[in-house]
Amino acid sequence: MPTCANTECTKPERETATMACPTCLTLPLQPAYFCCQECFKAAWPTHKKIHKLGKQLQAAQAQKQLEERKGMEIPEELRRTMPEWATNYRFSGSLRPCQQSPRRTIPSHIPRPDYATHPSGVSQSEQSDKSSGKSIKCYSGEELERVKHACKMGREVLDLAGAALRVGVTCDEIDRVVHEACIERSCYPSPLNYYQFPKSVCTSVNEVICHGIPDYYEVKDGDIVNIDVTTYVGGCHGDLNETFMVGNVDAEGQKLVQCAFECLQSALALCKPGTLYRDLGNKINKVAKSHGCSVVKTYCGHGIGSLFHTSPNVPHYAKNKAKGVMAPGHVFTVEPMINLGSWEDITWDDNWTAVTGDGSRSAQFEHTVLVTETGTEILTARDDEPVMVWDASKNQR
């Protein structure tokens with residue numbers, strides 16, 4: 001029979017302890033036994049230190065299993081465990097990462113952007129464009145039609161992804177929907193392998209500002225979830241995103257999502273020939289402040305078309321120093337990221353996921369737009385909605 005683990009125990013039944021520590025039984029440890037509840041309580045301050053070692057051993061064993069199964073489907077019981085980098089990471093909010101499924105493959109007949117096959121995901125064409133110092137590209141004719149088609153495909157894919165979103169669905173399932181919808185439309189999902197991003201879409205939940213990596217996290221009642229889709233087809237990219245309210249979102253969350261929508265809506269109303277790109281940030285900041293929200297400064301909108309990211313840069317915050325004046329044929333994204341708390345952000349140690357520094361929630365909407373002779377055309381607009389109109393039911397899941 002086991003001996004009582006309380007070294008101070010002098011009771012006759014010390015040599016026949018039968019009370020096992022319940023925590024030890026859940027860990028890969030030889031369980032400690034005690035002769036009575038009093039001995040268990042007396043030994044607890046010292047005994048509980050063993051549990052920390054047991055949890056570390058348990059995590060190491062789980063990680064070994066995952067390493068052995070790299071590139072294979074992850075067992076159900078391990079899917080919601082945290083990746084190794086997150087074990088001792090100090091998170092700003094309550095969201096925690098889960099494991100990721102193996103990278104999804106693209107059929108050989110789908111044309112790819114240059115970074116798709118680069119070992120580090122580097123876009124050589126973007127690098128060359130950046131170093132050349134070329135002015136903002138003007139699209140017209142057949143090339144513009146290809147940009148419009150890419151944007152139309154992106155809208156269709158986002159609508160399908162949004163329709164799949166509900167309480168209990170995993171972010172990985174949204175990635176599957178996006179990936180398969182892209183392939184059905186002969187599109188390449190632009191995020192995949194872009195500077196080694198491992199998935200086909202970005203899913204950003206609650207305090208995640210942008211670049212959330214889809215994993216086995218199960219969407220919960222009350223979450224807000226941003227789905228950011230970019231499609232590449234015909235040699236061009238189309239980029240858009242929306243934030244959805246899942247189940248019973250509280251009043252502050254609803255306010256935030258509507259504020260993010262109105263920030264983009266107000267900025268697009270300014271877009272026309274002659275508008276300075278830097279002026280959008282002043283308008284966005286004014287709308288955000290009126291709702292008691294803040295504007296993220298680290299990430300900005302960008303030129304898009306034959307390249308995923310190019311000039312112009314389109315900052316969303318006030319008093320920015322962006323260069324350039326809008327002219328017919330310019331194609332770019334506007335995508336203000338709006339926080340309930342501070343504007344400051346940090347990046348998780350997965351090197352992608354940007355979250356609010358104070359753990360407050362963040363929301364975002366994005367469109368790809370074309371400057372026309374008289375104003376602007378939203379290339380990623382919803383069907384029958386050429387101008388943005390807020391309707392909460394369209395983003396309620």
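Let me start with a term: a nonpolar core is a set of buried Ala, Val, Leu, Ile, Met, Phe, Trp, Tyr and Cys residues joined through side-chain atoms within 4.5 Å. Buried here means under 20% relative accessible area, exposed means over 50%, and partly exposed is in between, with a 1.4 Å probe and protein chains only.

Hello everyone, and a word on what you are looking at. This is a predicted model, where local features need pLDDT of at least 70 and side-chain atom pairs count only at pLDDT 80 or more, while totals for chains, interfaces and linings use all residues. Residues are numbered from 1 along each chain as its sequence is written, and side-chain values use heavy atoms, with hydrogens and water left out.

Now the overall picture. The protein has six helices and 17 strands; these are DSSP runs numbered from the N terminus, with helices being H or I of at least four residues and strands E of at least two. Along the principal axes, the C-alpha atoms fill a box of roughly 95 × 50 × 40 Å. Of the 397 residues, 51% count as buried. Take contacts, meaning heavy atoms within 4.5 Å: among those between residues at least 6 apart in sequence, 69% join residues at least 24 apart.

So much for the overview; on to the cores. Which residues touch the most other members of the largest nonpolar core? Out of its 55 residues, they are Leu165, Ile174, Val178, Tyr188, Ile227, Val229 and Val331. Helix H3 (141-164), helix H4 (171-184), strand E6 (224-233) and strand E7 (236-245) each supply at least two residues of this core, and the largest share, nine residues, comes from H3. Please find isoleucine 227 on the screen. Leaving aside neighbours within four places in sequence, Ile227 is in contact with a list of residues including Leu158, Leu165, Ile174, Val201, Leu240 and Phe244. Apart from this core lies another, of 35 residues, with Val249, Val287, Val295 and Ala381 among them.

Val331 takes us to strand E11 (residues 331-334). Val331 and Thr333 point one way from E11, Phe332 and Val334 point the other way, and all are buried. In a regular strand the side chains alternate between the two faces of the sheet. E11 runs antiparallel to strand E16 (residues 367-371), joined to it by four bridges, and threonine 333 stands opposite threonine 368 in E16. For pairing, DSSP has to find at least two bridges between two strands.

There is also a three-stranded open sheet, antiparallel, in the order E8-E12-E15. Its edge strands are E8 (294-295) and E15 (362-364), each pairing on one side only. E8 pairs with E12 (residues 337-339) over two bridges, and serine 294 stands opposite asparagine 339.

Last, some backbone details. Most residues other than glycine have a negative phi, and most peptide bonds are trans. Where is the cis peptide bond? A cis bond joins serine 311 and proline 312, with omega about 10°, and proline 312 sits in strand E10 (residues 310-314).

Serine 186 has a positive phi, near 60°. Serine 186 lies in the loop between H4 and strand E3 (188-189) and is partly exposed, at a relative accessible area of 37%. Glutamine 196 also has a positive phi, about 70°. Glutamine 196 is found in the loop between E3 and strand E4 (202-205), again partly exposed, with a relative accessible area of 43%.
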